[in-house]
Structures are given as structure tokens and as C-alpha cells.
Amino acid sequence: MHGQDSAHRELKVGILGATGTVGQRFIALLAEHPYFVIHALGASHRSAGKRYSQAVQWKQTAPIPHAVRDMVVHECKPEHFTGCSVVFSGLDADVAGEIEADFRRADLAVFSNAKNYRRDPTVPLIVPLVNSSHFAMIPQQRLQHKPPLKKGFILTNANCSTTAVVVPLAALEKAFGPIESCMITTMQAISGAGYPGLPSMDILDNVVPHIGGEEEKIEWETLKILGGIVDGDDGLKAFDMHSPSPLRISASCNRVPVIEGHTECVSVRFARRPPPSPQQVREALTAYTSDAYALGCPSAPRHTIFVHEEPDRPQPRLDRDYQRGAGVSVGRVRQCRVLDIKFVVLANNVAIGAATSSIINAELAVTKGIIA
Ligand SMILES: NC(=O)c1ccc[n+]([C@@H]2O[C@H](COP(=O)([O-])OP(=O)(O)OC[C@H]3O[C@@H](n4cnc5c(N)ncnc54)[C@H](OP(=O)(O)O)[C@@H]3O)[C@@H](O)[C@H]2O)c1
């Protein structure tokens, strides 16, 4: 972690869904942030009016940060968030759509973890270690909003299992050009479904080979994230969905009895012939650095991808806290006898898969002058 912390004045931030799994991670991370200061907390009517420590079922390893223990939780209404430069959302998808639209209408900048706006043609879907160039869509989103907005927008980060896989894929495309096809099999942690998640009787001693909507999310979101932005004949920008070089993705998703950290087995075929060797792939993954780190975002990991040489890594229990959960771990890079190369990737679903991504995205927005 690094940053030009003293260059930024303090900026007030709010958290929607502050009592949830992702919301708690926001609280833990933001309590130590160099320039974001927690100013307002929102959750459902069940929590509204209570002090945070009474409203939350706190499940983090460190105690509730002192600064938020006694803060009163509000309903998720923009009037309680006046003065916030950034609003982070860890809301359930059932309610995120309407609430986040209300906040944008109130000219607030919303950084969402929910799926609702990821497919919106004017909403950037940004994994901050990959596609910070998609911030270029924000001016158009503000202009197309009725009425046009000065400060407000919605920006989303990706589904947690998409986030894990797009980081190495971006590194490989940067080094070797387009990937043509990709097969992904996930082993996803229970915390990915929020608290309390699956009943213990359903997940202990078991693997559940279905997570509703997850495979479609990986297959679609990866194209938006790894694709570019084109200028259309109508003068409007559009996400190209990787169309200049079509990419076929097939994902199979499984829930496994792990608390935190999604593990994914990935096979890729490159457009270029001959494909890179496993050693060239290891070197390209290790060398990859994000714009977010280069631009000085304090929560960006110094080393984006750690490549393990040991044959039995990465493992969720051992590797999910790499770079405070902001980095991604890869291992078992080897030849694939069907496609070209296969490997295992592991990312912390609650950190870089959720809250940490949103926070780095907001830091990028500050760095790029989109938030003042
Ligand atoms: N968990 C992950 O690894 C992960 C990763 C990436 C993205 N996501 C996405 O992030 C979002 C949050 O997930 P989560 O796992 O943190 O869920 P969660 O633990 O179930 O938390 C949901 C939060 O939403 C609030 N909420 C529920 N109904 C509400 C309403 N009617 N009005 C206002 N607030 C309401 C809850 O407040 P109360 O406590 O008051 O009920 C709680 O704070 C979801 O959209 C999820 O898909 C999760």
C-alpha cells in the first residue's frame, strides 16, 4: 500500500448496507483510511435509529472501530447523506436498484457492489486493478441523466468471482494479446452469499454445484471489463464487450465449505500462435501492475498478482489475506492439453471481490478529479 496521502483533504463518505457482510468490511477498511472519513451509515428500517454496535452482528476479527460504534444508523435516504463526497453501497440487490437511483438523483456519487446497474450501457463496471480507463463513461452518464447531474453517478464493481478471474486475464492480454476462449470452474466461499448464508446442514461436508445467476455474471461481466470503449457515429461512447476480438467464456460455479476466498481453475486459449509458454505466463503475471497503484491509490496492492511455485498453492486459508485481501494469488501455471494454459486463481471475495474494489475505485475517482 502506498499513496500521496497528504495531497488529499479529508472527504466524507457514507455506507449503505453498513450492517451487512460487505458493509462491515467497508467499515473496517475505511476506519483506517488516510482521507476518507466515515460520516453516515445506512441500512434497513430494522436497523435505522439504532447505534451501529446495537444494529450490527459484527463478524470481523478486529473490534468495531471506535469512531463508528455509537454512530446512529439511518434509513437509506439521500437526506441523511448530505455532504458525503462518496457513497459506498453494500446493499442487497433486491433494494439496491431503487435506493442507488435515488442517491444518484440527489447528485451523489455511488460506488455499488450490487448487480443492478452492471449491465447499464452508461454505468462503468470497474475492477480497479484492470480497467480504470472505463471512468471515461462518467461524463456521458451525468449528461444523459434527466436532469443532467453535476457530481452524481453510479459506478459498479464486479461480481466477486468475476473479479478474481479478470485480473490474471487482463495481465495475460496485456502481455500476449487477445484471449480467444476461457473455461472457468469456481469453488466459492460461503461469505459470498452474505450473512448468515447457507444453513450449515447444507454446506458442511458438501459441495453445492449451483449459484443462481453466477455463471452468467462471469461470462458477461468479463467481456465488459476486458473490452474497451468506442465512439459511436451518434457521438456517444459505448462499451465494446471485447467485440474486436471475440472472447468465448464458459463458467461452472460451485459453493464450497470455505468461509472467505474464492478459488477458480482457469484454462485459456490465446489468439496468437504459438501461445506463450507456462514460464512466460508466470513472468507476465508477476510483472503486471495496476494503474491504481501507479496513480498512487493508497488501497491499491503494490503487487497485484503473486505467482506461487509450490504445487499446492494458492489455498483460501493461507492466501486470502495477501496484500490485505487486495491482491490476487495464482498458482499451478501449466500447459493445458485442450486449450493452451491452465492455472488456479484465488481472490478474497469480501475484500478485492467487494469493499476493497469499491474503495480503490473511489480513490481512482479522486485521483482523476471526478470527485472533489
Ligand atoms: N458477500 C460478498 O462476498 C459479495 C461480493 C461482491 C458483491 N456482493 C454484493 O454486495 C451486496 C451486499 O452483500 P452482502 O453479502 O454484504 O449482503 P448482506 O450481508 O445480506 O447485507 C445486506 C445489507 O443490506 C441492508 N438491507 C437489506 N434490506 C434493506 C432495505 N430494504 N433497505 C436498506 N437496506 C437494506 C441490510 O441491512 P439490515 O442489517 O438492516 O438488514 C444489510 O446492511 C449484494 O448486492 C451482493 O450481491 C457481495
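Modeller: Start with Met241, which sits in the loop between strand 9 (237–239) and strand 10 (248–252). Its phi is positive, about 55°, even though Met241 is not a glycine. Most residues other than glycine have a negative phi, and most peptide bonds are trans. Keep in mind that this is a predicted model. The protein chain averages a pLDDT of 96, and 98% of the residues score at least 70.

One runs from Tyr195 to Pro196, with omega near 0°, and Pro196 lies in the loop between strand 7 (179–187) and helix 7 (200–203). Another joins Arg273 and Pro274, with omega about -5°; you'll find Pro274 in the loop between strand 11 (262–270) and helix 9 (278–287).

Now zoom out. The chain is divided into domain 1 (5–159 + 355–367) and domain 2 (160–349), and their C-alpha centres lie 24 Å apart. Where they touch, domain 1 puts in 29 residues and domain 2 puts in 33 residues. On the domain 1 side, helix 12 gives the most, with 7 residues, and that side divides into 13 nonpolar, 11 polar and 5 charged residues.

The crossing is right-handed. Helix 6 makes the contact through residues including Val165, Val166 and Leu169, and helix 8 through residues including Ile218, Ile225 and Leu226. The residues of that contact split into 7 nonpolar, 3 polar and 4 charged.

Last stop, the ligand. It is surrounded by 29 residues, the closest being Gly17, Gly20, Ser44, Ser47 and Gly194. Helix 1 (21–30), helix 4 (93–105) and helix 12 (351–367) are the elements that each give two or more residues to that shell. By class, the shell has 13 nonpolar, 14 polar and 2 charged residues. Both domains take part here, with at least three residues drawn from each of domain 1 and domain 2.

Notes: Residues are numbered from 1 along each chain as its sequence is written. This is a predicted model: local features need pLDDT of at least 70, side-chain atom pairs count only at pLDDT 80 or more; totals for chains, interfaces and linings use all residues. A residue is near a molecule or strand if its C-beta atom, placed from the backbone, lies within 6 Å of it. Helices (H or I, at least four residues) and strands (E, at least two) are DSSP runs, numbered from the N terminus. Ala, Val, Leu, Ile, Met, Phe, Trp, Tyr, Cys and Pro count as nonpolar, Asp, Glu, Lys and Arg as charged, and the others, Gly among them, as polar. Domain bounds come from an automatic or database domain assignment. A crossing is left-handed if the near helix is turned anticlockwise from the far one by less than a right angle, and right-handed if clockwise. Two residues are in contact if their C-beta atoms, placed from the backbone, lie within 7 Å. pLDDT is the predictor's confidence in each residue, from 0 to 100.
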